[in-house]
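Thanks for coming. I will walk through one structure today, going from the sheet to the metal site, then the rings, and then a few backbone details. Please look at the sequence and the model first.

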Amino acid sequence: MNRREIMLGVDYYPEHWPKERWKTDAEMMKELGIEFVRLAEFSWSKLEPEKGVYDFKWLDDAIDTLSEYGLKIVLGTPTAAPPIWLVREYPEILPVDSEGHVMGPGGRRYYCYNSPIYRELTKVIVTKMAEHYKSNPHIIGWQIDNEFGCHESNFCYCDNCLKAFQKWLRRKYKTIENLNKAWGTVFWSGEYHSWDEVIIPRKTVALHNPSLLLNYRRFVSDSIVEYQRIQVEILKNVTPDKFVTHNFMGLFGGVDYYKLSKDLDFVSWDNYPKTIWGYDSKDTALAHDVMRGVKEANFWIMEEQSGSVGWPEMAPAPLPGEIRLWTYQAIAHGADAIFFFRWRTSNIGAEQFWHGILDYDGIPRRRYKEIKKLSEELGRIKDRLKNTIIKNDVALVYSYDIRWAWETHPSIPKLDYMDIIKRYYKALFEIHVPVDVINPEKPIPTHYKLVLAPMLYIVNEDILKNLERYVKNGGKLILTFRSGVKNWDNVAYTEALPGPLRKLVGGYIYEYSALDGKHKTQVRLSQSAEFSVEKFCESLIPEGSDVIAYYSSGIYESKPAILKNKFSSGEVVYVGANIDCEGIKEIILSLLPEDKKIFNHLPSNVEIYFRQNDRKKFIFIMNHSAEGKTLETGLKGRDILQNESVSNILSIDPFGVKIIEMLG
Ligand code: GLA
Ligand code: ZN
């Protein structure tokens with residue numbers, strides 16, 4: 001199996017359907033062009049109906065049936081849904097909420113990651129499964145558990161977690177005096193005298209110490225990473241020839257995905273673009289880039305939307321063409337295999353309105369037909385895309401620690417860290433500049449022409465060093481308001497802002513203000529239009545940098561708003577106001593080399609992305625609107641979907657996709 005090939009899969013639950021149907025399903029999957037099937041990730045009660053009594057027969061039979069049709073299997077370990085017998089015998093595995101209530105069993109994910117007994121029971125079932133399937137050639141790999149942290153199951157406040165948190169802190173701070181000092185516990189009489197006094201942030205009367213809150217978020221994430229590692233170690237040990245992955249959740253912020261992905265062979269994730277919460281193709285694009293960025297590699301989609309989704313209620317169905325568009329969008333951003341969720345809509349349980357490829361009745365209709373056409377089309381082009389990856393020139397900094405510091409103590413009302421990340425991403429998306437998402441704690445590769453690092457609310461030595469080194473080497477960097485405000489413990493710097501970033505910025509903040517929207521605030525970029533500012537603005541003092549924008553209205557009217565600093569052989573732009581997306585685009589365009597702006601004129605809802613290797617480069621053009629478009633692309637190449645040559649003008653259908661193999 002080449003993991004770098006574009007292949008399709010499905011998520012299948014044979015245990016939900018009569019055995020007599022399995023063969024038909026396998027046949028239909030084959031006919032649909034499916035090559036992979038994920039199984040078993042919620043089937044613990046069937047695999048171990050009673051403690052110590054195992055039944056793999058049904059799963060063996062299902063695997064046999066599927067493999068008769070050449071389908072390859074990814075097995076889920078079943079730990080996301082412990083069986084009822086288990087929780088009755090070991091009620092101490094149940095998570096405790098922040099108010100101290102023990103959660104009841106039911107639904108799924110009702111276990112504490114730090115429960116010693118749950119960890120032991122996990123080892124037993126995972127080892128059993130691994131031993132049972134280790135020499136089965138049809139099984140290519142494992143998915144561990146299912147969506148760690150989903151339903152906010154990352155948070156637990158039980159006594160096991162409390163003790164584990166105290167231990168985690170002790171490892172980190174060594175002495176209680178260090179912790180007291182780092183967290184400023186003298187505030188409100190919070191000083192600790194020993195490790196066992198340290199609290200976990202259960203619900204209390206007033207706001208907890210922000211350093212406690214941030215470190216709790218880190219601890220929660222580390223607990224999940226540690227829990228996952230227990231499973232990785234067993235699987236790698238017993239079945240070293242099979243891959244190990246986990247299904248991530250895109251923009252979910254409960255776990256540090258940079259860390260979670262380290263122990264895995266590759267990242268896979270669950271992509272549901274159109275839910276009851278809405279639909280924005282840019283957010284999906286960003287999620288793909290985060291998923292590629294956390295391990296700096298191509299990824300799989302372990303669950304891809306194939307119908308209308310919802311639990312008690314459902315969102316609108318994908319419009320004709322959207323399933324295909326989403327699949328190509330995933331591929332464009334680095335997805336290799338794509339599994340559709342789910343094969344057949346479940347007529348039982350909580351997810352009865354989360355539609356799959358087939359409806360309850362198992363009869364193929366529009367969605368099946370659309371996927372069939374798609375798989376035939378992919379069959380024709382997949383050899384060309386084999387072993388291609390994504391190499392971008394622009395990077396966007398994204399940090400879980402910064403996100404958590406912001407979430408626990410945000411400083412600006414109604415403004416999320418993710419709002420700003422999404423706003424800067426949107427600007428790039430709309431001017432058609434593909435971007436890599438990067439971890440600021442790792443050295444920044446110097447091939448990037450531009451790095452955007454919005455809102456570095458907390459910073460540490462590594463981040464400072466990495467940014468400085470990148471700029472010194474000639475890099476261009478965009479920093480924004482609310483950067484260098486606090487240290488890595490969520491404690492504010494006592495120097496003028498932006499704290500340790502001052503030299504890089506070539507200036508400092510004289511004064512700042514949150515904005516409630518009652519007074520118009522704008523900035524004017526020299527010789528260009530005015531851009532509106534919302535929620536926050538800073539009045540800047542340059543120290544060797546150039547002022548490239550002043551406020552033209554609002555509390556800081558006529559004061560500097562944006563600075564541009566030459567730093568060694570690089571350049572830093574500091575945006576001291578939360579300006580609108582148009583303003584951000586203007587700044588990005590002023591810093592990009594000419595050859596990176598060639599698609600700037602294309603409509604903003606047409607997406608451009610590239611996949612390439614040393615020999616070939618493919619440009620994906622994706623129309624996220626319901627109107628067909630005629631585009632002047634300036635491109636010369638071959639449209640590999642239509643198999644015809646292209647030169648400059650190109651028309652694209654509503655929700656259409658073009659993949660152009662570039663010449664030269
Ligand atoms: C997630 C889960 C699946 C299923 C779908 C639909 O992505 O991984 O098990 O629950 O959502 O709800
Ligand atoms: Zn717990």
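Let me start with two strands. Strand β3 (residues 72–76) and strand β4 (residues 139–143) run parallel and pair over four bridges. Two strands count as paired if DSSP finds at least two bridges between them. Helices (H or I, at least four residues) and strands (E, at least two) are DSSP runs, numbered from the N terminus.

Before I go on, some ground rules. This is a predicted model, where local features need pLDDT of at least 70 and side-chain atom pairs count only at pLDDT 80 or more, while totals for chains, interfaces and linings use all residues. Residues are numbered from 1 along each chain as its sequence is written, chains are lettered from A and ligands numbered from 1 in the order in which they are written, and side-chain values use heavy atoms, with hydrogens and water left out.

Back to β3. Which residues face each other across the bridges to β4? Valine 74 has glycine 141 as its bridge partner in β4, and isoleucine 73 has isoleucine 139. Strand β2 (residues 36–39) is also joined to β3 by four bridges, again in parallel. There, arginine 38 stands opposite valine 74. Strand β3 is largely enclosed by the rest of the structure, because four of its five residues are buried. Buried means under 20% relative accessible area, exposed means over 50%, and partly exposed is in between (1.4 Å probe, protein chains only).

The open sheet has nine strands in the order β5-β4-β3-β2-β1-β9-β8-β7-β6, with parallel pairing. Its edge strands, β5 (243–245) and β6 (247–248), each pair on one side only. As background, strands of a sheet pair through backbone hydrogen bonds, either parallel or antiparallel.

Next, the metal. What holds the zinc ion (ligand 2)? Its protein donors are Cys112 (SG), Cys156 (SG), Cys158 (SG) and Cys161 (SG), at 2.2 to 2.3 Å. Donors here are N, O and S atoms within 2.8 Å of the metal (3.2 Å for Na, K and Ca); water is not among the atoms, so sites may look incomplete. The arrangement is tetrahedral because the four donor atoms subtend angles of 98 to 117 degrees around the zinc ion. Four donors count as tetrahedral if all angles lie between 85 and 135 degrees. Along the sequence, the donor residues follow the spacing C-x43-C-x1-C-x2-C. Cysteine 156 and cysteine 158 are both buried.

Now the rings. The structure holds 42 aromatic pairs. Rings of Phe, Tyr and Trp (its six-membered ring) pair if their centres lie within 6.5 Å; planes under 30 degrees apart count as stacked, over 60 as edge-to-face and the rest as tilted. One of these pairs is phenylalanine 165 with phenylalanine 219: the centres are 5.1 Å apart and the planes are at 50 degrees, so the pair is tilted. Phenylalanine 165 lies in helix α6 (residues 159–173) and phenylalanine 219 in helix α8 (residues 210–238), so the pair ties together parts that are 54 residues apart in sequence. Both phenylalanines are buried.

A second pair, tyrosine 398 and tyrosine 417, is stacked, with 6.3 Å centre to centre and 20 degrees between the planes. Tyrosine 398 sits in the loop between β10 (394–397) and α13 (400–408), and tyrosine 417 in helix α14 (residues 417–430), 19 residues apart. Tyrosine 398 is buried, at 1% relative accessible area, and tyrosine 417 is buried too, at 2%. Both tyrosines belong to one aromatic cluster, whose members include Phe248, Tyr258 and Trp404.

Last, the backbone. Most residues other than glycine have a negative phi, and most peptide bonds are trans. Where are the exceptions? A cis peptide bond joins phenylalanine 341 and arginine 342, with omega about -20 degrees. Arginine 342 is in the loop between β9 (335–341) and α12 (366–385). The bond from leucine 497 to proline 498 is also cis, with omega near 5 degrees. Asparagine 490 has a positive phi, near 70 degrees, and counts as buried at 3% relative accessibility. Asparagine 643 has a positive phi of about 55 degrees, but counts as partly exposed at 49%.

That is the tour.

Terms used:
Four donors count as tetrahedral if all angles lie between 85 and 135 degrees; four count as square planar and six as octahedral if opposite donors are over 155 degrees apart and all others between 65 and 115; anything else is irregular.
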